[in-house]
Amino acid sequence: VRDAQTGDPLPGVNVVVKGTTLGTATDLEGRYSLTVPSLQDTLVFSFVGYETHEEPIAGRSVVEVGLAPAVIRGEEVVVIGYGTQRRVDLTGAVAIAEPDELKKLATPTIEGALQGQLAGVAVTSSGAPGETPEVRIRGITSFGNNDPLYIVDGVPVDRIIDLNVSDIESIQVLKDAAAAAIYGTRAANGVVIITTRRGQRGLRVEYDGSVGVANIYQRWDVMEREEYQALMNEMLANAGQPPAPGNDPNSPFYIDDIDTDWQEEALKPGLVTSHNLAISGGNEVSTYSVSAGYLRQEPTMVGKAPSFERLSVRVNSDHRRGRFSFGESVYLVHAKTMRQESRHEESLFENLIRAIPTMPVHDPNRKGGYGGTDANIERAISLNVIGVNNLLESPVDAYRGLLNLYGQLELLTGLTYKVNAAVDVTETEDYLFVPQYDLGFFFTEQNGTLDYFKRRWVYWLLEHTLTYDRTFGRHHLTLLAGATWEKGNYEHTGGHAQGYPTTQFKTLEAGTDPNKTVFHWKSANALQSILGRVNYNYADRYLFSATVRRDGSSRFGRNNRYGVFPSVSAGWRVSNEPFFNVSFVNDLKIRGSWGRLGNQNIDDYATVAVVNTYANYNFNDHLAPGAIQVTLVNPNLKWETTTSWDVGVDATLFDAHLQLTVDYYDKTTDGILIRVPIPLSVGSTENPLVNAASLKNWGWEFSATYRAQRGDLNYEVWGNLTTWNNKVLSLGYGGEPIYGAASITQEGGEVGAIYGWVTDGLFQSEDEICRDATGVTCREQGLAYQTPGTAPGDIRFKDLNGDGLITDDDRTVLGSAIPDFFYGLGVRMNYRRWDASIFAQGSYGNKIFNHPRRIVECGFQNDYGNAAETVKDHWTPDNRDAKIPRVIYLDPNGNCRDSDRWVEDGSYLRLQNLTLGYTLPRRLADRLGITNLRLYVSVDNLFTITGYSGWDPDLADDGDEVENDALFSRGYDGGGWPHPRIVRAGVQLSF
C-alpha cells in the first residue's frame, strides 16, 4: 500500500475483507498478508488522513493499491505571520500553493512556478534564463516597487530567485490586510511566506534529476534576399532615390551570393539539467534535513547569453529537550547568470528579425570575425546578433549565505517565548566586457571597454515574540506580542577602463588607457517594530482576529518616522450552527476583513538633501571653496498607505469532494510617492518626492478544486480566475499625466493604458488629402491637414478634436493592458502506478502594443532593415485593397507612429505543463534495493492558443527600449525573450 501521490509506502494501513471482521495492517514497508475466504471478495483499505479505498481482489493473489490523501482539509495547518493556524480558522485571504505541483515545472524560480497557480496572484515571466519574474498580488499599489514581501523560514528577504524550488515545503500568499498587516510598512504589495523542508523521524534519502532540451520554436516570417532587395528598391524609388548598390543588379557591388536566415542561424536548442539530493532523518529528540541542488540552463541562442547556473546547499535541523527547543536553517548558494547585452536600442530579438539577409554571419576581414553592413553598399543599420552575443560578455556571479537561528521555551502551559535571529549576506560580482570589434556601420568598438561592479548586501534580524495559546471550554484564544529589529547595509564598488587590445585579461588594471574611473559608496537602513495579534474562536463557529503593528523606518524623516498599521477580520462558520442542515454542504464559512498596510520601498536617504562640496565660487578674481545644496527634498515624506477590505466565502461540498473559495477585494492606496516637477530656477538636480497620488484596485477571485476516486483512478480538477480593475484617483499637483512607451497614466484611467492615434484606412487619391497648413480649409472640407509628404497609400489618421490638424492632441486611449481576467486550471490523475498532470494558464481581454511587428512592417523605411512577408501585400496603385500602406523611404506621413495599427488582442491560453509518470512495482524496487522509483517525462509550454502575432503574449521583459518603465508601459511588447518549449525526462528515487 502506497501514497497515491508520492509513491511512499504507508505503514499501519487497515486492510479488511469487506463485510467481515477479517483484517490486518501493513508493516513499516507498507506490506500486508491476509487469508481471505474467496478470491472474489473485496478488500477495504483505510488510514488516517487518507481516503478509504475498496479494491476487488478479482482472482489475484497480489493486490497493490495507492491511497489518496483525504480531501477534507479542515485540520490542515497553514503558516501565517509569526505563527500557524488551522485553515478552517482563517479569517483573512490566504492562498496556498501545492509545492509538489510547482516542482514539476522547469522554471528555476519560485516566482515563475507560481504563474497561474493562485487566484489573485498575477505572474508574468520572461523566457530568458536568470530573469526574475514579475509578481503582482491584487494589482498595482505604487508607482515605485510593487514586489511582494518574501518571508523564508521567518526571515524577510528581498530576493528569492536563487532559492531552490525543490527545497520548498509550503507556500502561503497573504493577500488582504487582515493576513498581511502583521508585516506593517512592507506588506502593501502582499506577502509570500515560504517554508523549507524540515527533517522527520527515520532515515530517508531522495534524489530527483532531469535532463531536457529548451527550444524557441516561434518564428517571424521575414523576407529572403530577392524579396528584400526588391522591396528596398521600390521604397527608394517612391522617394525619388536610387537603389543601394548592394541591392542594385546593375551595380558591381550587387549582393547575390548571401541569403542569411538569421532566425535559423541564431536560435538553437539549449540543454536544461537539474539534480537534487536530499537526506533527512532523526528521532524524537532531533531531526535534520540536508539537501543539495544543481541547475543549469544553457542559452537558446548561439552565443554566450542568456544562461543560468545555480549550486545550492541547505541544512535544517530541529532539537527538543523538554520545554526547550531550538534549531537553525543554513542556506548557501552560488548562482551565475550570463546576461544578454546588445548595447543598442532594440532587444536582441528585435535586432534578429530586422537583420538583413544580405549580411553574412561571419566575415574574417572584419575585426572580431563577424559580418556587418557598409553605409555605402547595403546602407542598412543592421546588427549582427550572433556576433554581438558572442563578443560581449556580461556575467553575474552571486554568492549568498542565509543563516537563521531560533530558540523556543514554553514558560507556562500555553505560553511560549521565541527568539529568532538571522543574517543574510549576498555578494555579487559582475562586469560588461566589450572587446574591439567591427560589425559594420556604427556597430563598432575601437578601444575595448570594461565596466566592473561589486556589490554587497548584509541584512540583520532579531525578533522576540510571546505566544499564548489556550482552550477554555468552547473558547480558543491565541495572543501574540513581539518586537523586531532589522538593519540592512549596502555597499557598491565599481570602475570603468578602456583600451583592451586582447580579450585575455578582463581586469581594470589591464586597460591601457590611463583615464580610469572608480566609485565606491555605502548606504544603510533600519526598521524597528512592535506587533500584536489576537485570534479568537468560539465553538468553531465565530472567528475573530485583530492585528496591529507599529513600524519605525529610517527611510523617512523625523516628522513621519513611525506608523501604525491595524487590521480586523471576522468569520462565521455557518455550517457548524445547530440550525444548519444542508446535506451536501460539509463546511461553509463567511468572512470579512479591513486593514491598513504600508509601503516603504524607497531609496535610502530620500529625505536627506545632497550637498555638492566642490561648488567653488569666484570672489574678486579669487576662487573660494564652497558647498551648495543641489537637491530639494521633502522632510515630511512618509510611507504609502493602502486601505484594504475583503469579503469572502469558503465552502466544502458533496462529501468534501468540492472546495470553493470566492473573494471580493477593494484596495485604495493614498500618499503614493511621485516626483513633482519644479522650476529649473530652484536649482535642484531632480524633482522632489511627494506623497501626492492615489490608486484604487478592486475585483473578484474564484478558485475551485474537485477531488474524487473511481476504482483505481484518483483525480483532481482545479481552477482559479481573477478579475482586476485599476483606476488612478489622483496624480496630485495639477494632475499632469505620466507618459510611457505608447502609454499614458492619467487621472480617471488605469496605470499604463495604451495610447496613440486612431487610423481610418488609407488615402486612395489626392482629392482625399488636404494640405492647408492653417487647417481652416481642411475643416471646411471635413478633412484634416496632412504633412506635405502625404500621398495616396498613406494612412489617414482621425482628427479626434476636430481642429482640422493631426497633432498630439488627437491621441487617445487605444486599449487596456490589464486583462478582463486571468486564470489557471489543471488536472491531476493517478491510476495504479501511473500518474499524469496537465496545467494551463492564461489571460483574456488585454491589449498589447506590438513593437516588433512595427519594426518589420514599417521600421525598414528608416534604416533599410528587413521586413515581414506581410509587407509584400502593401498599397500600390494596382493594389488598392491592401491594408499595409505604401512603402517609402523616411515615412513622411508618419505611418509608423504609435497608433491602433500596432494594438492587438493579447488574450491567450497556454498549456504550461504536461507531465506523465510511472512508479515501478514494489517487488521490482526491492530487487533494485530502493524504496521507490518513479520515471517521468514533462513538457513545458507545449502550445499557446492566441490571436497575438508577436512571439509571446506573456510579457515580462519588455525589451531595452522600455528600460525600467514597464510599470507605465504595461502592454508594450519591446521584443523580450520568448518562452521556450522545454522537453524533459527525469527520475525520482528514494532509499
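## Close-up views of the predicted model

View 1. Glu 264 sits in helix 5, which covers residues 262–266 (helices are DSSP runs of H or I with at least four residues, strands are E runs with at least two, and both are numbered from the N terminus). This is a predicted model, in which local features need pLDDT of at least 70, side-chain atom pairs count only at pLDDT 80 or more, and totals for chains, interfaces and linings use all residues. Residues are numbered from 1 along each chain as its sequence is written, and side-chain values use heavy atoms, with hydrogens and water left out.

Glu 264 counts as exposed because its relative accessible area is 54% (exposed is over 50%, buried is under 20%, and partly exposed is in between, with a 1.4 Å probe and protein chains only). On the surface, Glu 264 gathers with Asp 221, Glu 224, Asp 259, Asp 261 and Glu 265 in a patch of negative charge. Patch members have over 30% relative accessible area and no salt bridge, with like charges joined within 9 Å and nonpolar side chains (Val, Leu, Ile, Met, Phe, Trp, Tyr) within 5 Å.

**View 2. A nonpolar patch on the surface.** Here you can find Leu 203, Leu 277, Ile 279, Tyr 288, Val 290, Val 313, Val 315 and Leu 332, which together have about 620 Å² of accessible area (Shrake-Rupley method, 1.4 Å probe, with only the protein chains shown as cover for residues). Strand 17 (270–282), strand 18 (286–297) and strand 19 (307–321) are the elements that give two or more residues to this patch. Leu 332 belongs to strand 20, residues 324–338. With a relative accessibility of 46%, Leu 332 counts as partly exposed.

View 3. Look for Pro 306 in the loop between strand 18 and strand 19. The peptide bond that leads from Ala 305 to Pro 306 is cis, and its omega is near -10°. Most peptide bonds are trans, and most residues other than glycine have a negative phi.

View 4. Arg 138 is not a glycine, yet it has a positive phi of about 55°. Its place is the loop between strand 11 (134–137) and strand 12 (149–152). Arg 138 is buried, at a relative accessible area of 2%. A network of salt bridges links Arg 138 with Lys 175, Lys 589, Arg 591, Asp 646, Asp 650, Asp 663 and Glu 701 (a salt bridge has a side-chain nitrogen of Lys or Arg within 4 Å of a carboxyl oxygen of Asp or Glu). The count by this rule is 61 salt bridges.

**View 5. Ala 539 and its positive phi.** Ala 539 has a positive phi of about 55°, although it is not a glycine. You will find Ala 539 in the loop that joins strand 27 (517–538) to strand 28 (542–553). Ala 539 counts as buried because its relative accessibility is 17%.

**View 6. The salt bridge of Arg 886 and Asp 794.** The side chains of Arg 886 and Asp 794 come together in a salt bridge, at 3.0 Å from N to O. Arg 886 lies in the loop between helix 9 (851–863) and strand 49 (903–905), and Asp 794 in the loop between helix 8 (776–780) and strand 44 (795–797), so this pair ties together parts that are 92 residues apart in sequence. Arg 886 is buried at 10% relative accessibility, and Asp 794 is buried with a relative accessible area of 0%.

View 7. Asp 89 pairs with Arg 86 in a salt bridge whose closest N and O atoms are 2.9 Å apart. The relative accessible area of Asp 89 is 11%, so Asp 89 is buried. In another salt bridge, the side chain of Glu 226 meets that of Arg 225 at 3.5 Å, N to O. Glu 226 is exposed, with a relative accessible area of 57%, whereas Arg 225 counts as buried at 9%.

**View 8. Thr 35 and the span to Glu 736.** Thr 35 is part of the loop between strand 3 (23–25) and strand 4 (42–46). Its relative accessibility is 70%, so Thr 35 counts as exposed. From the C-alpha atom of Thr 35 to that of Glu 736 the separation is 84 Å, and the two residues are 701 residues apart along the chain. For context, the C-alpha trace of the protein chain spans about 100 × 80 × 65 Å along its principal axes. Of the 991 residues of the protein chain, 54% count as buried.

Terms used. Lys, Arg positive; Asp, Glu negative; His and termini not counted. Charge placed at Lys NZ, Arg CZ, Asp CG, Glu CD.
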